[in-house]
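This report describes surface charge pairs, a nonpolar patch and a pocket in one protein model. The sequence and structure are shown first.

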Amino acid sequence: MRNALIIGSRGAIGKALVQNLRSSYRVSELSRDNCDYTEQDLAAHASRLTELGVFDLVICCIGVLHSDYLSPEKRIAQFDPEKMLEYYRVNTVLPGLCLKTFTPL
């Protein structure tokens, strides 16, 4: 059976992908429940996943639009540099780090 890795498997998109792929792939899941998305933790997961062989599909669905402490600005007066840095970290840096870590699989 082919291998798939879904990163961000607990979000709405990730859950739907896991459900749809299970019939055709052996799906491995990565989420905030089992990974803190630090470079070290991602590397540890990648090391364990190599035991499964080559991955035919790796999909990263992590990202945030709103949370308990983040919400999209509706006016320029709401612009907050700290919140913007957090958006950038979660929506750009973390997926890039996942790409760097899991592409060798």
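## Accessibility and the Arg22 pair

A residue is termed buried under 20% relative accessible area, exposed over 50%, and partly exposed in between. The model discussed here is predicted. Arg22 has a relative accessibility of 42% and is therefore partly exposed. Its salt-bridge partner is Glu29, with the closest N and O atoms 2.5 Å apart. Because its relative accessible area is 22%, Glu29 is likewise classed as partly exposed.

In total, the structure holds five salt bridges.

Glu39 and Lys100 form a salt bridge through their side chains, at 2.9 Å from N to O. Glu39, at 40% relative accessibility, is partly exposed, whereas Lys100, at 57%, counts as exposed.

A second pair, Arg89 and Glu86, has its closest N and O atoms 2.9 Å apart. Both residues lie in helix 3, three residues apart, which corresponds to about one turn of the helix. Their accessibility classes are as follows: Arg89 is partly exposed at 37% relative accessibility, while Glu86 is buried, with a relative accessible area of 18%.

## Nonpolar surface patch

Ile76, Phe79 and Met84 together make a nonpolar surface patch of about 330 Å². Phe79 is located in the loop between strand 3 (57-60) and helix 3 (81-102). With a relative accessibility of 44%, Phe79 is partly exposed.

## The largest pocket

The largest pocket has a volume of about 550 Å³. Its lining comprises 24 residues, and those nearest the pocket centre are Arg32, Ile62, Gly63, Val64 and Val90. Helix 1 (12-21) and helix 3 are the elements that give two or more residues to this lining. Helix 3 supplies the largest share, namely four residues.

What is the make-up of the lining of the largest pocket by residue class? Ten residues are nonpolar, eight are polar and six are charged.

How values were computed:
Residues are numbered from 1 along each chain as its sequence is written. This is a predicted model: local features need pLDDT of at least 70, side-chain atom pairs count only at pLDDT 80 or more; totals for chains, interfaces and linings use all residues. Side-chain values use heavy atoms; hydrogens and water are left out. Patches are made of residues with over 30% relative accessible area and no salt bridge: like charges are joined within 9 Å, nonpolar side chains (Val, Leu, Ile, Met, Phe, Trp, Tyr) within 5 Å. Accessible areas come from the Shrake-Rupley method with a 1.4 Å probe; for residues, only the protein chains shown count as cover. A salt bridge is a side-chain nitrogen of Lys or Arg within 4 Å of a carboxyl oxygen of Asp or Glu. Buried means under 20% relative accessible area, exposed over 50%, partly exposed in between (1.4 Å probe, protein chains only). On a 1 Å grid over the protein atoms alone, a cavity is a set of points where a 1.4 Å probe fits but cannot get out, and a pocket is an open set with protein on both sides within 12 Å along at least five of seven lines; lining residues have an atom within 4 Å of a point. Grid points are joined across faces, edges and corners, and a volume is the space filled by probe spheres set on the points. Ala, Val, Leu, Ile, Met, Phe, Trp, Tyr, Cys and Pro count as nonpolar, Asp, Glu, Lys and Arg as charged, and the others, Gly among them, as polar.
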